[in-house]
Amino acid sequence: MGLFELFKAKKKPKRGPREDLPPEVSRVVRILEKVHDPETGLNIVEEGLLYGLTVKGDEVEVFLLMARSTPECHFCQVLAINVQNRILREIMDALKAEGFNRIRIYNEIGLLLAEG
């Protein structure tokens, strides 16, 4: 088998939550797929902003990778912060609508971004 055949033979990765996740975690991932980045139109799961979840009953902790979305330009940072705040609000609203009572959202370094 040649090099090109090797690459052609690989399967494309399946989209969506991994199949080996606990049902409660998969449920939260599906809920968060409804939250979209207003700049790109992609949901936060597809965009790669979601990198971790902890679910315990009606409590959920969401871990987001937000650093790459903050530009160096000071004016642009204000815009990016507004976009991030909108994403955080939409996450909180989506999870509260699904019955979660305690929600905490953290960034990649463990800083609490939102709580409700």
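Modeller: Helices (H or I, at least four residues) and strands (E, at least two) are DSSP runs, numbered from the N terminus. Asparagine 107, for instance, lies in the loop between β3 and β4. This is a predicted model, where local features need pLDDT of at least 70, side-chain atom pairs count only at pLDDT 80 or more, and totals for chains, interfaces and linings use all residues. Residues are numbered from 1 along each chain as its sequence is written, and side-chain values use heavy atoms, with hydrogens and water left out.

Colleague: How many helices and strands does the protein chain have, and in which order do the elements run?

Modeller: The chain has three helices and four strands. Starting at the N terminus, the order is α-α-β-β-α-β-β.

Colleague: What share of the residues is buried?

Modeller: Buried means under 20% relative accessible area, exposed over 50%, and partly exposed in between (1.4 Å probe, protein chains only). In this chain of 116 residues, 32% are buried.

Colleague: Which residues have the most contacts inside the largest nonpolar core?

Modeller: In soluble globular proteins, nonpolar side chains tend to be buried together. A nonpolar core is a set of buried Ala, Val, Leu, Ile, Met, Phe, Trp, Tyr and Cys residues joined through side-chain atoms within 4.5 Å. The largest one here has 26 residues, and Leu32, Val62, Ile91 and Leu95 have the most contacts inside it. Two or more residues come from each of α2 (23-32), β1 (50-56), β2 (59-64), α3 (74-97) and β3. The biggest share is that of α3, with seven residues.

Colleague: Which residues is isoleucine 91 in contact with, leaving aside its neighbours within four places in sequence?

Modeller: Contact means heavy atoms within 4.5 Å. On that basis isoleucine 91 is in contact with Leu32, Val35, Ile44, Val62, Leu64 and Ile105. For the chain as a whole, take the contacts with a separation of 6 or more: residues 24 or more positions apart account for 47% of them.

Colleague: Back to asparagine 107. Is this residue buried or exposed?

Modeller: Asparagine 107 counts as buried because its relative accessible area is 10%. Beyond the residues up to four places away in sequence, asparagine 107 touches Tyr51, Leu64 and Leu113.

Colleague: Which backbone nitrogen does the side chain of asparagine 107 reach at 2.9 Å?

Modeller: Read this as a polar contact: a pair of N or O atoms within 3.5 Å, where within protein one must be able to donate a hydrogen and the other to accept it, and residues adjacent in sequence count only if both atoms are side-chain atoms. At 2.9 Å the side chain reaches the backbone nitrogen of leucine 111, and at 3.1 Å that of isoleucine 109. Leucine 111 is found in the loop between β3 (102-106) and β4 (112-115), and isoleucine 109 is in the loop between β3 and β4 too.

Colleague: Is isoleucine 109 buried or exposed?

Modeller: Isoleucine 109 has a relative accessible area of 73%, so this residue counts as exposed. Its C-alpha atom is separated by 8.7 Å from that of leucine 65, 44 residues apart along the chain.

Colleague: Which residues form a nonpolar patch on the surface?

Modeller: Patches are made of residues with over 30% relative accessible area and no salt bridge, like charges being joined within 9 Å and nonpolar side chains (Val, Leu, Ile, Met, Phe, Trp, Tyr) within 5 Å. Accessible areas come from the Shrake-Rupley method with a 1.4 Å probe; for residues, only the protein chains shown count as cover. Ile109, Leu111 and Leu113 form such a patch, with about 300 Å² of accessible area together.

Colleague: How many salt bridges does a search of the whole structure find?

Modeller: A salt bridge is a side-chain nitrogen of Lys or Arg within 4 Å of a carboxyl oxygen of Asp or Glu. The search finds six. One of them pairs arginine 27 with glutamate 98 (3.7 Å, N to O). Arginine 27 lies in helix α2 and glutamate 98 in the loop between α3 and β3, so this pair ties together parts that are 71 residues apart in sequence.

Colleague: How far apart are the closest N and O atoms of glutamate 61 and arginine 104?

Modeller: They are 2.6 Å apart, in a salt bridge. Glutamate 61 lies in strand β2 and arginine 104 in strand β3, so the pair ties together parts that are 43 residues apart in sequence. Both glutamate 61 and arginine 104 are buried.

Colleague: Which residue does glutamate 115 meet in a salt bridge?

Modeller: The partner is arginine 102 (3.0 Å, N to O). Glutamate 115 is in strand β4 and arginine 102 in strand β3, 13 residues apart. Glutamate 115 is partly exposed, at 43% relative accessible area, and arginine 102 is partly exposed at 34%. Salt bridges that share partners join Glu59, Glu61, Arg102, Arg104 and Glu115 into one network.
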